[in-house]
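Please look over the sequence and the model shown here. A short report follows.

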Amino acid sequence: MAQYKMHLLVCGGTGCRASQSDVIVKNLESSIKELGLSEEAQVVTTGCFGFCEKGPIVKVIPDNTFYTQVKPEDCEEIVREHVLKGRRVYRLLYEDPETQKHIEDSKHMGFYQKQLRIALRNCGFIDPENIDEYIARDGYAAIGNILAEMSPEQAIDIMKKSGLRGRGGGGFPTGIKWEIASKNKADQKYVVCNADEGDPGAFMDRSILEGDPHSVLEAMAICGYCIGASKGLIYIRAEYPLAIKRLQVAISQAREYGLLGDNILGTPFSFDVELKYGAGAFVCGEETALIHSMEGHRGEPTVKPPFPAEKGYLGKPTNVNNVETLANIPVIYLKGAEWFASIGTEKSKGTKVFALAGKINNVGLIEVPMGITLREVIYEIGGGIKGGKKFKAVQTGGPSGGCLTEKHLDTPIDFDNLLAAGSMMGSGGMIVMDEDDCMVSVAKFYLEFTVEESCGKCAPCRVGNKRLHEILEKICAGKGTEDDLEYLKNLSYVIKDTSLCGLGQTSPNPVLSTLEHFYDEYLAHVRERICIAGRCKALKLYTILPDKCTGCTACTRACPVGAITGEKRQPHVIDVDKCIRCGACYDKCKFTAIHVQ
Amino acid sequence: MSSFKIQDCHKQTIKQICESFNNNPGELISILHKTQGEFGYLPEDIQREIAKNLNISVAKVYGVVTFYSFFTMTPKGRHAISVCMGTACYVRGAEKIVDELKEQLKIKVGGVTDDGKFSLDCLRCVGACGLAPVVLIGEKVYGRVEANQIKDILASYED
Amino acid sequence: MEKIKLTIDNIEVEVQNGTTIYHAAKKIGIDIPVLCYMNLEHLNIENRPGGCRICVVEVEGRRNLAPSCSTNCTEGMVVKTHSLRVLNARKTVLELILSDHPTECLVCSSSGKCDLQSLAQKLGIREIHAVENAERSTYRKDCSPALNRDMDKCVMCRRCETICNDVQTVGALSAVNRGFMSVVAPAFEQDLIDSPCTFCGQCVAVCPTGALTPFDDTSKVLKALTDPSKTVIVQTAPAVRAALGEEFGLTPGTLVTGKMVAALRTLGFDKVFDTDFAADLTIMEEGTELLDRITRYLGGDKEVKLPILTSCCPAWVNFFEHNYPCMLDVPSTARSPQQMFGAIAKTYYADMLKIKREDLVVVSVMPCLAKKYECQRDEFKVDGNPDVDFSISTRELASLIKMANINFNNLPDEEFDSPMGESTGAAVIFGATGGVIEAAVRTAYELQTGLKLNKIDFEELRGLEGIRTATIDFNGTPIHIGIAHQLGNARKLLDGIRSGLYNFHAIEIMACPGGCIGGAGQPLHFGNSDVIKARFDAIYREDASKTLRKSHENPYIIKLYKEFLGHPMSEKAHHLLHTHYFEKNKI
Amino acid sequence: MKKIKSLDDLRQMKKNLEQGMNIREKSDTPESLIQIRVAMATCGIAAGARGVMNTLIERIEKDKIPAIVTQGGCMGYCYAEPTIEVKIPGKDPVVFGNVDTAVANQIVDKYILNGELIDGVIPTNYQTINEKK
């Protein structure tokens with residue numbers, strides 16, 4: 001590899017690409033060439049830096065300068081000033097939302113200070129399309145060492161000792177999963193990587209695949225060695241074209257180097273990986289559904305047992321791990337189980353990647369040690385609530401999870417604490433909500449998702465979630481009763497208790513958790529017919545403030561149902577019974593005379 | 001349902017796709033992906049042809065096509081609009097954007113305008129949460145979209 | 001095998017490892033309610049999607065409730081099948097299912113035989129919560145000539161899907177859509193008539209609700225019966241007499257031939273005939289065709305198509321028209337007994353009565369739904385007038401009898417009318433799997449060898465296994481015979497021939513389990529294969545009781561050839577008694 | 001590309017490749033490294049800062065010195081260009097002026113490796129670029 005004095009790392013993740021980071025790469029390269037700096041500076045397209053809020057990101061190495069929201073036209077300046085003359089382009093530096101100060105290097109950004117990147121260790125650091133960079137970072141050394149020095153049993157033992165638990169949602173100990181699969185005898189076994197990330201608002205798996213595909217491939221090979229499988233399959237969403245491309249590149253590079261294929265590193269162990277595409281079904285995140293989908297069927301789950309470890313893909317023992325879980329694995333073997341087990345809490349070891357989004361300043365992908373508090377995540381890493389509004393809740397675990405409130409701000413985050421708080425880790429979506437968010441609507445949003453994504457196989461999920469959604473709609477429309485709240489609760493419990501798969505067993509969680517923490521808000525909807533957050537259209541009350549109304553009649557003309565009457569140049573009135581709460585008058589009024597309650 | 005009539009050349013294409021997967025019914029989903037990539041959608045005749053090649057029932061093919069939201073039996077508009085409905089976009093107002101698009105285009109979600117210019121769909125999290133709410137038109141990504149920009153955005157598409 | 005001990009509702013029970021909670025409970029007399037689960041044990045058909053969640057039970061130490069139909073017992077397991085938690089869950093889930101189900105039980109054709117309805121009664125559902133604004137999943141209704149689909153009533157038990165795909169391998173149905181709108185339907189939710197459906201009707205036979213019901217022809221029959229300008233005659237298939245009694249509380253296997261004839265006369269049919277007469281005729285034609293092909297084959301004719309396949313079963317005919325279009329010249333061209341009867345009735349018999357064919361209404365009583373479709377095929381019409389006007393099922397006949405206030409069990413036994421009511425034992429066994437080929441062998445043997453059979457009973461051709469093979473010695477010439485019932489077995493057999501696994505001269509295929517006795521028009525056996533066995537035995541009892549047991553000995557058949565048809569495979573016979581097949585090629 | 005046939009091959013390959021990535025590895029943990037900043041403004045470049053920087057980078061690679069070389073803007077000592085700032089962990093930063101390749105080597109030998117100060121240190125109260133803005 002050539003020696004460059006300066007590396008310009010440009011985020012090539014989907015988020016930054018959407019804002020033309022590919023053009024930025026081109027422009028940087030051409031400016032460097034123009035100024036004759038091709039020998040000195042190298043432009044590298046990397047995976048996601050996680051700081052998606054301020055993308056596209058360009059990070060300059062070695063001084064760790066962190067340029068945010070870079071536009072293609074900024075590139076020439078970056079090269080001329082920074083690369084050539086060593087002067088930072090201040091206007092592109094990250095501005096701390098509290099102090100309004102520009103922060104020069106990423107080491108001093110609150111967003112990164114509390115993070116600990118294990119699964120994301122290579123994301124935003126290496127060029128995912130260049131296997132050499134991965135190898136330079138000790139890539140494939142873990143599988144190499146294992147093949148040279150360990151029996152599968154020993155390797156599984158390390159996995160067990162590390163305490164790694166599945167990051168896809170359930171939190172099942174990975175080592176034990178491997179052990180079960182390894183003990184089932186069969187002529188063929190399979191390692192499956194679950195990359196069917198479907199939680200709306202979580203995108204860590206995609207980021208890992210885009211930023212560090214080799215880690216996943218290496219981990220699959222390790223798992224293959226441990227359980228005795230020679231075939232790996234990655235089930236990936238077809239909606240992730242970039243991740244698919246990076247994986248394809250990675251697989252072919254690994255094959256060329258002989259790191260996938262027959263007799264890896266001269267040992268008897270052979271392993272190869274193939275891609276299988278999902279086609280837009282959230283339920284396929286469930287292991288059995290995923291396997292049916294890979295077999296070319298409708299992605300309907302089946303009753304467990306038999307577990308995939310016993311009877312999985314094509315009826316053979318199959319081990320399914322999710323992307324983030326796998327990304328942790330090579331480094332565990334390099335640094336040791338003890339190292340990994342020293343991070344995190346008693347029962348949740350290591351780190352967890354969260355997709356931080358919603359009403360927060362620093363939207364992005366973060367990796368934090370288990371046991372960090374919500375407060376640290378929201379206020380230190382996330383930079384606080386957007387627009388200085390009041391924090392209301394954090395939704396974790398997506399459609400399977402629940403809401404955490406102010407009283408949970410100092411609870412250490414791990415699998416068990418989240419479960420105890422009525423939510424769950426899930427795949428790691430973390431959506432922050434402020435005072436403007438109506439919790440009934442939030443529950444309704446998730447149920448809408450579940451209704452759309454239910455496979456329809458079992459009755460409680462197929463019909464039950466539909467009914468839950470209908471009741472929530474009714475409440476949001478101001479037609480709910482207190483009886484409805486009771487029925488919501490009972491229905492939720494029964495759906496959890498009787499559904500066939502994880503989707504239905506967790507789908508009422510958003511309802512139950514908002515009912516528990518925000519019962520008052522529900523009550524206000526059904527008793528006083530008020531939506532405190534002002535989000536539910538039907539619960540808004542529009543009136544005209546007589547002292548502000550000039551009688552211009554603009555609202556009368558805008559009203560689609562003729563609910564507004566009044567003499568010209570006299571204050572108008574809204575007929576509450578006729579009003580459909582569309583808000584057209586509010587938008588039209590130039591004198592802020594329309595009052596919304 | 002659809003006016004698509006299969007021609008011999010289409011049959012040839014489908015045959016090649018199926019053969020590239022060894023006519024293995026286990027690869028049905030990959031075959032559907034590839035076929036939809038070729039034709040833009042999966043009308044009835046095409047599903048029949050796939051079933052014939054793989055020696056499975058059309059009902060089975062249709063069952064799979066209707067299970068996965070990625071597969072469609074109606075052609076998209078020349079400019080396919082997709083609004084991200086991930087949670088991040090939702091809490092930052094994606095619903096309003098959808099309402100506005102429905103209003104402007106006079107179509108429902110999943111529909112196509114009469115002139116075939118635009119189609120409107122919702123999808124789950126494109127992963128550009130930093131840009132929420134996000135609208136995709138074809139390959140182009142519009143970030144931090146506000147309802148009042150919709151009219152201008154649509155107007156920028158001429159044909 | 002390993003034994004396991006567990007406790008269910010405080011009762012200790014020992015079962016074999018691998019037993020489900022449902023079966024363990026059943027063993028000690030605890031009947032856990034089920035909806036989607038179906039187990040046709042003796043036929044090896046099981047439907048266990050674990051989808052309805054009605055059979056959930058509480059298992060100590062388990063986070064959620066367990067579906068008893070698909071949860072295996074484990075050592076020391078403690079199960080409660082009716083705790084408050086279970087009952088609440090079960091009722092709530094049933095309410096949910098009902099909230100997406102039409103409430104038209106009073107006029108539903110499945111009322112009284114509907115699993116959903118009895119479950120609602122059993123669980124004491126008196127109101128359905130949250131229906132006020134509840135959306136219902138509704139679908140386009142489909143009326144085919146044989147069966148109706150009203151998927152608004154579908155509960156997604158998937159039994160029909162299992163039958164259609166796994167058992168019959170017809171592939172007309174699949175679960176389609178997702179979530180709330182998911183339903184079992186043909187491709188593109190098109191009508192069954194446009195699908196590869198064979199109208200075997202086995203899906204109807206297992207549907208727990210009124211989603212799949214037979215097409216009802218009873219009102220048309222009643223209308224014809226009351227029309228003074230029409231002469232209405234009826235033919236009854238052999239399997240009907242072995243099962244009809246069940247609808248009137250008689251034990252399965254009770255032969256009710258005489259009572260059935262009496263009931264039909266009381267209902268007002270002008271003549272009560274027997275399809276068995278036509279079955280004898282079928283043997284004459286099909287047997288001759290078989291002999292012809294074998295003789296040519298043995299004579300070195302390379303063009304001749306062997307094995308010959310029977311063609312009495314209309315669902316089977318549909319099946320090969322869809323699935324084996326390249327083999328259309330292999331099956332016998334002989335029409336089914338129902339259609340031979342119709343063709344003779346509307347020519348020979350109508351001439352005999354000196355009436356126009358339009359004024360003669362031929363009704364058939366069949367154990368079958370596909371017969372409804374068969375009699376509407378264009379090949380079996382003359383100038384638009386069908387040879388058989390209406391085909392009603394065994395169950396429809398029972399409902400007509402009940403409608404007419406006939407006390408069936410007290411009826412005296414009566415005889416069929418002449419001439420088309422005379423038959424031999426060979427014709428009776430058409431109703432059971434293996435029967436047609438046995439009847440054919442009885443005749444073909446004697447015609448081929450010129451010898452008299454010593455032993456009429458060919459036990460080697462009988463039985464209930466899905467695929468059976470036998471070799472019959474035709475006085476030195478071994479004749480290889482294959483038999484299959486259920487279309488999935490038929491497919492296996494045919495594919496086996498193609499791959500060279502089998503080599504047969506003749507094959508009999510029936511679409512339904514056990515042959516016609518297990519037809520979809522028969523009283524529902526609810527998965528109890530003892531019922532099928534009893535009907536099976538009854539058929540062979542009737543055969544044994546007959547003096548004439550070989551079709552070519554039927555004097556009225558001999559007379560028919562002499563007076564009207566000439567000889568088997570004559571030009572007239574060809575015209576009236578044979579047919580041809582069409583490539584349908586819908587898959 | 002050719003196949004990697006053994007673990008040793010892989011290790012060798014890693015060794016060859018890691019040089020190119022060193023700069024990134026080091027920048028990941030700058031606080032534990034010796035940080036050398038070369039002033040690379042127009043005046044610095046004109047005075048030969050680029051050559052100095054190259055020399056420093058080469059020395060560090062050669063002697064495997066735990067150091068990282070970055071470039072900075074003008075430090076305000078135009079009379080003494082090229083200038084470099086060296087910050088050894090736990091010590092105050094020191095700025096050297098009039099650095100040419102020979103001096104650069106001297107700085108490495110004496111100050112960085114042995115902690116001895118050498119001529120050319122700019123003694124006055126200076127500000128680092130961080131504080132200046």
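How many residues of chain A are in contact with chain D, and how many of chain D with chain A? On chain A, 30 residues are in contact with 31 residues of chain D. Two residues are in contact if their C-beta atoms, placed from the backbone, lie within 7 Å. Helices α5 (131–136) and α6 (141–149) of chain A each supply at least two residues of the side that touches chain D. The largest share of that side, four residues, comes from α5(A). By class, the side of chain A that touches chain D has 13 nonpolar, seven polar and ten charged residues. Ala, Val, Leu, Ile, Met, Phe, Trp, Tyr, Cys and Pro count as nonpolar, Asp, Glu, Lys and Arg as charged, and the others, Gly among them, as polar.

This is a predicted model: local features need pLDDT of at least 70, side-chain atom pairs count only at pLDDT 80 or more, and totals for chains, interfaces and linings use all residues. Residues are numbered from 1 along each chain as its sequence is written, while chains are lettered from A and ligands numbered from 1 in the order in which they are written.

Next, a helix pair in chain A. Helix α17 (residues 439–453) and helix α18 (residues 459–476) of chain A pack at an angle of about 150°, with axes 9 Å apart. Axes are lines fitted to C-alpha atoms over the stretch in contact, and angles run from 0 to 180 degrees between N-to-C directions. α17(A) is therefore roughly antiparallel (an angle over 145 degrees) to α18(A). Residues from α17(A) in this contact include Val440(A), Leu447(A) and Val451(A), and those from α18(A) include Leu468(A), Leu472(A) and Ile475(A). The contact residues divide into eight nonpolar, four polar and four charged.

Now chain B. It has seven helices and four strands. These are DSSP runs, numbered from the N terminus: helices are H or I, at least four residues, and strands are E, at least two. Along the sequence the pattern is α-α-α-α-β-α-α-β-β-β-α. The C-alpha atoms of chain B fill a box of roughly 50 × 30 × 25 Å, taken along the principal axes. Of the 159 residues in chain B, 43% are buried; that takes 20 or more other C-beta atoms within 10 Å of the residue's own, placed from the backbone.

Chain B is assigned two domains, with bounds from an automatic or database assignment.

| Domain of chain B | Residues |
|---|---|
| Domain 1 | 8–67 |
| Domain 2 | 79–155 |

Their centres, taken over C-alpha atoms, are 30 Å apart.

Terms used
Buried ≥ 20, exposed ≤ 12 C-beta atoms within 10 Å, placed from the backbone. Parallel < 35°, antiparallel > 145°, perpendicular 65-115°, else oblique.
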